[in-house]
Amino acid sequence: MKERLLFLGPPGAGKGTQAQRLAQSQDLLHLSTGDLLRAEVQSGTPLGQEAEAVMARGELVSDGLVIAIVRSRLEHHQGGWLLDGFPRNLAQAETLDTLLTELNQAIERVVLMELDDGILIQRLLARGRADDNEGVIRHRLEVYRTQTAPLIEHYKDRGLLIAVDAAGSVEQIGANILDCLAK
Ligand code: ADP
């Protein structure tokens, strides 16, 4: 099994759920920038205060802020990891490449979870998180399309990308991911 993984896909594709399962079964560090940011908001740290309004609008938090979070978690970590929700634009991807070169750890696979917009919106509305109302959801999908989707080519060009159908049960999708990673 590859040990340094990145999960990519639109909001609602189930990245968080699958990333958590896989990280647990393969003993990898699960780094979700969304979860880490929500924890900062919850604790009311200066960083959280800065991020809260931006997240509620469905915009991206500043690159500097999320990069600092990721760097602090990866810098002293020994062993495999799984990045979920980061990078989210080309600038973040380039900074990540530089950081990983510095740490002498390369990404081994990028898992792209693909799903139709209709299903994505239904899933997010059912989840009902603070930033899961219809207007904000549509905006997050737009931000994904314009800022995050270009990363698909970025990683395809490097021969790292595998695409997984994100429709079906949690178990089915989990099995698809394991299959793809075993190849
Ligand atoms: P989803 O997968 O549903 O978009 P996340 O938990 O990954 O949910 O992210 C929720 C919000 O947190 C995003 O809309 C954004 O405001 C912020 N966020 C998470 N990761 C990043 C990142 N790498 N860069 C900038 N903002 C981020």
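At what angle do the axes of helix α2 (residues 33-43) and helix α3 (residues 46-57) cross, and within what distance do they come? In this predicted model, local features need pLDDT of at least 70 and side-chain atom pairs count only at pLDDT 80 or more, whereas totals for chains, interfaces and linings use all residues. Residues are numbered from 1 along each chain as its sequence is written, and side-chain values use heavy atoms, with hydrogens and water left out.

The axes of α2 and α3 come within 7 Å and cross at roughly 115 degrees. Axes are lines fitted to C-alpha atoms, for helices over the stretch in contact, and angles run from 0 to 180 degrees between N-to-C directions. Helices (H or I, at least four residues) and strands (E, at least two) are DSSP runs, numbered from the N terminus. On the α2 side, Gly 34, Leu 37, Arg 38, Glu 40 and Val 41 take part in the contact (heavy atoms within 4.5 Å); they meet Leu 47, Gly 48, Ala 51, Glu 52 and Met 55 of α3. By class, this contact of α2 with α3 has five nonpolar, two polar and three charged residues. Ala, Val, Leu, Ile, Met, Phe, Trp, Tyr, Cys and Pro count as nonpolar, Asp, Glu, Lys and Arg as charged, and the others, Gly among them, as polar.

For helix α7 (residues 134-148) and helix α8 (residues 150-157), the axes come within 5 Å and cross at roughly 40 degrees. Tyr 144, Arg 145, Thr 146, Gln 147 and Thr 148 of α7 meet Pro 150, Leu 151 and Ile 152 of α8. The contact of α7 with α8 comprises four nonpolar, three polar and one charged residues.

The ligand is surrounded by 19 residues (a heavy atom within 4 Å), of which the closest are Thr 33, Arg 38, Glu 59, Arg 88 and Arg 140. Polar contacts are pairs of N or O atoms within 3.5 Å. A polar side-chain atom of Arg 88 lies 2.7 Å from a ligand oxygen atom, and an N or O atom in the side chain of Arg 140 is 2.9 Å from an oxygen atom of the ligand. A ligand nitrogen atom lies 2.9 Å from a polar side-chain atom of Gln 92. Taken alone, the ligand exposes 550 Å², and the protein buries 96% of that (Shrake-Rupley method, 1.4 Å probe).

Two loops carry backbone features. The peptide bond from Phe 86 to Pro 87 is cis, with omega near -5 degrees; Pro 87 lies in the loop between β3 (81-84) and α5 (90-103). Asp 27, although not a glycine, has a positive phi of about 60 degrees, and is located in the loop between α1 (15-26) and β2 (29-32).

Definitions and conventions:
A polar contact is a pair of N or O atoms within 3.5 Å; within protein, one must be able to donate a hydrogen and the other to accept it, and residues adjacent in sequence count only if both atoms are side-chain atoms.
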